[in-house]
Amino acid sequence: GDLKSSMVTFFMVIAGGVDWWEVMEPVVTVSEFYEPLFLMYVFVMYFGVLNVVVGAFVTTATDIAAKDRDAVVKRELAQMMNVTKRIRTFFQEADKDGS
């Protein structure tokens, strides 16, 4: 095939669109030299590149979760300070004679 169909096939191999063995069989009939090259491509893409991409997504999700957690803590502290202020005001108003 042409370069475009080869690129699409390689993408389909790593994305689960086609089983890599189905692609490797015709490649091996051309020359057995290409079999280890194809296997190396599959290995590097699965365990190298895709792990980096997944790691980037996990890191981003963790950062977003941490920011959400910080926002929740800030909101809870603000609410606690507000309640504390209201309670202090209540008792100060209740203690008219200063006892």
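The lining of the largest pocket divides into six nonpolar, four polar and no charged residues. Here Ala, Val, Leu, Ile, Met, Phe, Trp, Tyr, Cys and Pro count as nonpolar, Asp, Glu, Lys and Arg as charged, and the others, Gly among them, as polar. This is a predicted model, in which local features need pLDDT of at least 70 and side-chain atom pairs count only at pLDDT 80 or more, while totals for chains, interfaces and linings use all residues. Residues are numbered from 1 along each chain as its sequence is written, and side-chain values use heavy atoms, with hydrogens and water left out.

**Largest pocket**
- Its space is about 230 Å³, taken as the space filled by probe spheres set on grid points joined across faces, edges and corners.
- A pocket is an open set of points on a 1 Å grid over the protein atoms alone, where a 1.4 Å probe fits, with protein on both sides within 12 Å along at least five of seven lines; lining residues have an atom within 4 Å of a point.
- The lining consists of G1, S5, S6, T9, F10, V23, V27, Y34, L37 and F38.
- Helices α1, α2 and α3 each give two or more residues to this lining, and α1 has the largest share, four residues.

**Nonpolar core**
- V13, V18, V23, M24, F38 and V42 form the largest nonpolar core, a set of buried (under 20% relative accessible area, 1.4 Å probe, protein chains only) Ala, Val, Leu, Ile, Met, Phe, Trp, Tyr and Cys residues joined through side-chain atoms within 4.5 Å.
- Both α2 (20-30) and α3 (34-94) supply at least two residues of this core.

Key
Buried < 20%, exposed > 50% of the residue type's maximum accessible area, 1.4 Å probe, protein only.
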